[in-house]
Amino acid sequence: MKTTNVKAFGTNAADAPLNEMKIDRRDVTAKDIEIEILYCGVCHSDLHTARNDWGFTMYPAVPGHEIVGRVTKIGSEVTKLKVGDIAGVGCLVDSCQTCDSCKKDLEQYCLTGWTGTYGGADKHLGGPTLGGYSEKIVVDEHFVLKVPANLDLAAVAPLLCAGITTWSPLRHWNVTKGSKVAVVGLGGLGHMAIKLAKGLGAEVTLFSRTPDKEKDAFELGADAVVISTDENQMQSVSGKFDLIIDTVPYVHDVNPYVATLNISGTLVLVGYLGGLEPILNTVPMILGRKSVAGSLIGGIAETQEMLDFCGEHNIVSEIEIIKMQDINEAYERMIKSDVRYRFVIDMASLK
Ligand code: NAP
Ligand code: ZN
């Protein structure tokens, strides 16, 4: 298969920093769109992947799944976009498109396995798929999104993962005007959860460990902030929430949050992957018909729905633009929760 060599940033080992490297992109096939990447958001999953936190990273790892760019080439059968259009790519670049999940627009739960934008099995070139920390990407048009024209392009990028990952549970659990929603952790996902839940008309509370984020949370639209390390504050919201979206990336005690769910309420984990410690106590769940659930990104149709909603409501991410060369420092700051509230790489810095 014909390929083009492009510049990227990635790593060949869990303990090595990200460095410039050359990678191959396939030439467009009939259904493909080639995109020159303008901006790429920095998700905590990028860091988990580069450092093999989850134990399944395939190297080389080129992270990045919050991609906004300009269409530079299209295949002969492409109808969604034309050369020169602005395009978005999120966490998914392929799925079987025929199984029950795919037929229901739930490509992220594809029964034969979806392909992540990075770290998936590349069906065209073999090896791992390589993500958005690069000059160009080639993606099947089904997995390419249209970007509302009124929004700032750099600040749109984080919608492609942080936005859809919080939008999908808000929609699945039917959040609407007056719903009582709480968000755990004010980072990339957390700040989008606040904005999107507010956009849907919910009453929103932030749980944070970081008291000096309180002012920001109110500016982002939160109606209340609860410092999760303060037992009295936690007690004050006992039995309150219909839905809690927990974005914390590392193992933590979820029992205190279950106590703040209303009867029939749901706590949905989107951050931490793995066994819970301390163990989950079922007593309050059984006595209050409460659920603890999980949710993975969102399907393509739902991602487009979220982008269109953001266009109508003028919702974008709060960003700090960085150069590609600053990515290793950005990861260190992310670990310290020192991001307000999403790093976005200006891909011109890679040229
Ligand atoms: P982020 O920007 O680093 O934000 C995470 C926030 O969680 C921090 O700002 C901090 O908020 C809080 N936090 C961090 N470490 C903590 C700890 N040890 N204990 C308690 N709270 C802690 O990360 P992100 O990009 O939003 O991603 C969050 C998680 O979601 C990551 O694990 C990522 O891999 C995952 N993710 C999942 C999906 C999915 O489909 N399910 C999609 C994208 C990302 P405070 O300072 O306010 O406490
Ligand atoms: Zn992500």
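Predicted model: local features only at pLDDT ≥ 70, side-chain atom pairs only at ≥ 80, totals over all residues.
Let's start with strand S17, which covers residues 342-346. Is this strand largely enclosed or left open by the rest of the structure? With 4 of its 5 residues buried, S17 is largely enclosed. For a residue, buried here means under 20% relative accessible area.

S17 has strand partners to look at. Strand S3, residues 32-41, runs antiparallel to S17 and is joined to it by 3 bridges. In that pairing, Cys 40 sits opposite Ile 345 of S17. Strand S16, residues 319-323, runs parallel to S17, and 5 bridges hold that pair together. Lys 323 has Asp 346 in S17 as its bridge partner. To get from S16 to S17, the chain passes through helix H11 (residues 327-335), making a right-handed β-α-β crossover.

**Around ligand 1**

Now for the ligand. There are 28 residues around ligand 1, and the ones that come nearest are His 44, Ser 208, Thr 210, Lys 213 and Arg 342. Arg 342 also falls within the residue range of S17, 342-346, so to speak of the strand is to speak of the site as well.

| Residue | Protein atom | Ligand 1 atom | Distance |
|---|---|---|---|
| Leu 189 | backbone N or O | oxygen | 2.8 Å |
| Val 270 | polar backbone atom | nitrogen | 2.9 Å |
| Ser 295 | polar backbone atom | nitrogen | 3.0 Å |

How much of ligand 1 does the protein cover? On its own the ligand has 920 Å² of accessible area, and the protein covers 91% of that.

Which elements give two or more residues to the shell? They are helix H1 (44-50) and helix H5 (188-199). H1 makes the largest contribution, with 3 residues. Sorted by class, the shell holds 12 nonpolar, 13 polar and 3 charged residues.

A bit of background first: most peptide bonds are trans, and most residues other than glycine have a negative phi. The spots below go the other way.

Take the peptide bonds. Tyr 59 and Pro 60 are joined by a cis bond, with omega about 0 degrees. Pro 60 belongs to the loop between H1 and strand S4 (67-74); H1 is one of the helices that contribute to the ligand shell. Another cis bond links Arg 340 and Tyr 341, where omega is about -5 degrees. Tyr 341 is in the loop between H11 and S17, which puts it on the chain's way from S16 through H11 to S17.

Then there is phi. Ser 264 isn't a glycine, yet its phi is positive, near 70 degrees. This serine is part of strand S14, residues 261-269. Is Ser 264 buried, partly exposed or exposed? Its relative accessibility is 34%, so it counts as partly exposed.

Asn 314 is also a non-glycine residue with a positive phi, about 55 degrees in this case. You'll find Asn 314 in the loop between helix H10 (300-313) and S16, the strand that runs parallel to S17. At 54% relative accessibility, Asn 314 counts as exposed, because the cut-off for exposed is over 50%.

Note on methods:
Residues numbered from 1 in each chain as written. Chains lettered and ligands numbered in written order. Heavy atoms only, no water. Buried < 20%, exposed > 50% of the residue type's maximum accessible area, 1.4 Å probe, protein only. Pairing = 2+ DSSP bridges. Right-handed = clockwise from strand over helix to strand, strands pointing away. Near = heavy atom within 4 Å. Polar contact = N/O pair within 3.5 Å; in protein donor to acceptor, adjacent residues only side chain to side chain. Areas by Shrake-Rupley, 256 points an atom, 1.4 Å probe, with all protein chains shown as cover. Nonpolar A, V, L, I, M, F, W, Y, C, P; charged D, E, K, R; others polar.
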